[in-house]
Amino acid sequence: MPVAPDPRRPHSETFLTPSTPPALRLREDAWDLVAADGPVITTAIHDGHLLRPALHDRVALDEDARWREEDPLTSLLGQVGDVRLRVRTSRFEVDLNRPREQAIYAAPEAAWGLQVWASPLTEAERAASLALYDRFYAMVGELIDRTVDRWGCALLIDLHSYNHRRDGADADPAPQADNPDIELGVTTLDHARWGGTARCFANVLRRHPVRSVLPDVRCNVRFPTGGHFPEWVYAHWGDRVCTISPEYKKIFMDEWSGQVDIPALYALRDGLQQAVEAVRPEFLA
């Protein structure tokens, strides 16, 4: 559905000016940031697969095992945002959705039972990963500050995906009752101010078919807390930021072979676009 241009949204180049704070101006290979002037921020912090070269000989997992637990293609869904942030670094180097002290997977119980490292990381290696963690949060903090200063509030779409066939490539998928097609994590938003916004957002998603079938969209079923990142956003900006954390079940791809269902993926993106546009006016007041 075509979206009418917002007259209050000037050219994207004006968003990052010479007075932009240092963390936002810093070149960083660990993520891609596309910034236009608008109140909708999308993040795909688990989309990435890269490990810095020093870790290539230290990781015990093969490429397929890492990729299966990452959130590939969620940055494509993030195209619906005015400001789009895709983290290119793998969560297996540093997990940005966990508290800093847990951001490096130290034992299998922290990583779905997987032994991530062939041998324990040195303090220098851990420090390098945590330095990236700190740069990320400094950058995002400035980004949200600028967006809230400009618009008074912001809509943050914190995108993720999840596996539903953990028992094997040929095994039955996990029961639908506990595994909605799209789960919305909405515990880290102020319900007095944004509860209606979240309901509208969910209802629009429910009305947009994926391969001619309406998706099962529910809130807070599998991941009620949303993780450290949305909790951190709520702790710092409170009701000024409406954070919705969609968890897309991997119905748009085969989580074992990696084969992608392109029509399903684009249908999910289109549904997300319509949901964003349905609530956008609430962030332009």
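Lys 249 sits in strand β8, which spans residues 241-249. In this predicted model, Lys 249 is buried because its relative accessible area is 3%, and buried means under 20%. Glu 63, in helix α2, is instead partly exposed, at 49% relative accessibility. Helix α6 packs its buried residues against several elements, among them α4 and β8.

- A polar atom of the Lys 249 side chain lies 2.8 Å from the backbone oxygen of Asn 179.
- Beyond its neighbours within four places in sequence, Lys 249 is in contact with Tyr 162, His 164 and Gln 176, and also with Asn 179, Pro 180 and Asp 181.

**Glu 63 in α2**

- Helix α2 covers residues 63-69, and Glu 63 belongs to this helix.
- Glu 63 counts as partly exposed because its relative accessibility of 49% falls between the limits of 20% for buried and 50% for exposed.
- The side chain of Glu 63 makes a polar contact of 2.4 Å with the side chain of His 49.
- Glu 63 and Leu 132 are 69 residues apart along the chain, and their C-alpha atoms are separated by 22 Å.

**Helix α6 and its surroundings**

- The buried residues of α6 are His 228, Phe 229, Pro 230, Trp 232, Val 233 and Trp 237.
- These buried residues pack against strands β2 (40-44), β4 (154-158) and β8, and against helix α4.
- Just after α6 comes Gly 238, with a positive phi of about 55 degrees.

**Crossing of α4 and α6**

- The axes of α4 (residues 123-151) and α6 (residues 228-237) come within 12 Å and cross at roughly 45 degrees.
- The two helices are therefore oblique to each other, and their crossing is right-handed.
- On the α4 side, the residues that meet α6 are Tyr 133, Phe 136, Tyr 137, Val 140, Gly 141, Ile 144, Asp 145 and Val 148.
- On the α6 side, His 228, Phe 229, Trp 232, Val 233 and Trp 237 take part in the contact with α4.
- The residues of this contact comprise 10 nonpolar, two polar and one charged.

Key
Residues are numbered from 1 along each chain as its sequence is written. This is a predicted model: local features need pLDDT of at least 70, side-chain atom pairs count only at pLDDT 80 or more; totals for chains, interfaces and linings use all residues. Side-chain values use heavy atoms; hydrogens and water are left out. Axes are lines fitted to C-alpha atoms, for helices over the stretch in contact, and angles run from 0 to 180 degrees between N-to-C directions. Helices (H or I, at least four residues) and strands (E, at least two) are DSSP runs, numbered from the N terminus. Angles under 35 degrees count as roughly parallel, over 145 as roughly antiparallel, 65 to 115 as roughly perpendicular and the rest as oblique. A crossing is left-handed if the near helix is turned anticlockwise from the far one by less than a right angle, and right-handed if clockwise. Contact means heavy atoms within 4.5 Å. Ala, Val, Leu, Ile, Met, Phe, Trp, Tyr, Cys and Pro count as nonpolar, Asp, Glu, Lys and Arg as charged, and the others, Gly among them, as polar. Buried means under 20% relative accessible area, exposed over 50%, partly exposed in between (1.4 Å probe, protein chains only). A polar contact is a pair of N or O atoms within 3.5 Å; within protein, one must be able to donate a hydrogen and the other to accept it, and residues adjacent in sequence count only if both atoms are side-chain atoms.
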